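Dear colleague,

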Amino acid sequence: MKEKFIYKIADSKEEFEQIHRLNHDTFAGEIPQHRKSSDGQLIDKFHHENTYFICIKNGELAGMMAIRGKRPFSLDAKLENLDSYLPPFTNACEMRLLAVRQGVRGGAILGSLFRLVAKYCQRENYDIVLISGTLRQLKLYRHIGFVPFGPVVGTPEASYQPMYLKPNNYLFGKFIKMRTLRGEQSGKANFLPGPVGIRAEVYQALSEPAISHRSEEFLELHRNIRGRLCRIVSAGNVEIFVGSGTVANDVIAAQLSLISGRGLVLSNGEFGDRLIDHAERFGLDFRVMRENSGNSFDIEEIRKNLDADIRWLWFVHCETSTGVLNDFEAIKVLARERKIFLCSDCISSVGATSVDLRDVYLASCVSGKCLGGVPGLSMVFYNHPLLKSNGKLPRYLDLGLYAEKNGVPFTGSYNMLKALKCALDGLELDRKMRECLENSGRIKKVLKDSGYELAGNESNTIPSVISVNLPKSVLSSFVAEQLAEKGIYISYNSEYLIRSNRIQICLMGDVSPWGLEALLEYFRDLAVILKYT
């Protein structure tokens, strides 16, 4: 069952009862500040004046903190002339009863509670926040912005350092500023693998009046795009389909069904497994060679799997689930040596890295990733005369039928073609790859320096896909949803990412400079929360 976290201000009897129990477990059990009670509850003496900020995990209280704005504060009783220690202020509050239940510490709960409190303090116009900080967590409080003052108070068993901060210094108060920054920008920060960030003129092409697919203008546009696509990857021919990359890979499977003999499908991740599924659905005769997710294929191992009866080989160039980039050139050499038909899923690599499809039998691609067009068009490249299907294949998946009809056997979408042309007009591959490499290197350095685990390694991953394995204490959905609130979108919701608790930062489209800075700031700050909690 997917874990569900709710952050809110406590307002029900059941929530208050759970607060009293967590208060007892923390400040009578774990920290011996109060005596234990037989009913397992500790009701704070300022309970009716506290505003409680809580995290509910699957219906149970996981964490809390309280704000109280009425004097005298608890620190007034511990420090004589409390205000003499403080900088000038007009409206003060005290933060109290900070507790996260054992078993869920080390995650993002504490940071999210601080963020909720930061918003509340802004709304209530508090300009200083006081806290009795446990000596165990002074590093965390200092990083958030708390300033120690006065002597340590409490008992030897439960010692506290008085501290204050201005609400705008909150660690997660930075995200409030980020939201303001977002409002000053146009659009959103897109770090998805698709749909990617797209230039305005590409979208504008979708609003033009549609033109018949039988018109000369449509056919000329179609020829122009096919020629440009072929030049990008050094392919002899390409056919364009209305549909996603799944359609293009079905077309490849359909063509392979016309070849007698067995095949070999390589898989080192989710999208390799999908090729297996394509092959099975067409009833192809094939074997499977698997490699662990995050690893690239060993060429000698592939060679050992190429028995004399193998006629074709199908693999994914960029395994998007991890970002692993398989060695296309070495596999091409091997295919030439064995005189087998080589097919490749190039959906996440064309436009992101150099791709040379010469000598490749069939290769798939899409409009909505690294080429910068809108989703909805897919392509199959080929370099050979096509086999006749003699009516054995579904019409829509018959590559030979498209070739016979000059690429337009059925109704096509003028607007999606025009959008793809606009994308290709602005596509400067050398510059794009250079900027992608620079941005990717910077992101990876920040993540590694902050202690995050990256899938794959520098030697076998594509710069445009950065896969981050999050610790078990932080749900990938939690991180992605927090960023989405700021208008920053990362990939997390695919089944294969959920299973691995993995998020992905993709640089396939236009990259927002402010979004990149905000993204890095978020992960730096989250790392500090994880380190000190």
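Is Arg-231 buried or exposed? Arg-231 is exposed, at a relative accessible area of 61%, where exposed means over 50% and buried under 20%, with partly exposed in between (1.4 Å probe, protein chains only). Please note that this is a predicted model, in which local features need pLDDT of at least 70 and side-chain atom pairs count only at pLDDT 80 or more, while totals for chains, interfaces and linings use all residues. Residues are numbered from 1 along each chain as its sequence is written, and side-chain values use heavy atoms, with hydrogens and water left out.

The second largest pocket has a volume of about 620 Å³, and among its 29 lining residues Gly-245, Phe-271, Arg-274, Ile-347 and Lys-369 are the closest to its centre. (On a 1 Å grid over the protein atoms alone, a pocket is an open set of points with protein on both sides within 12 Å along at least five of seven lines, a cavity is a set where a 1.4 Å probe fits but cannot get out, and lining residues have an atom within 4 Å of a point; a volume is the space filled by probe spheres set on the points, which are joined across faces, edges and corners.)

The search of the whole structure finds one cavity of 30 Å³ or more, and the largest cavity has a volume of about 40 Å³. Its lining is formed by Gly-351, Ala-352, Lys-432, Met-433, Cys-436, Ser-464, Leu-507 and Met-508.

Returning to Arg-231, its C-alpha lies 9.7 Å from that of Asp-356, although the two are 125 residues apart in sequence.

With best regards
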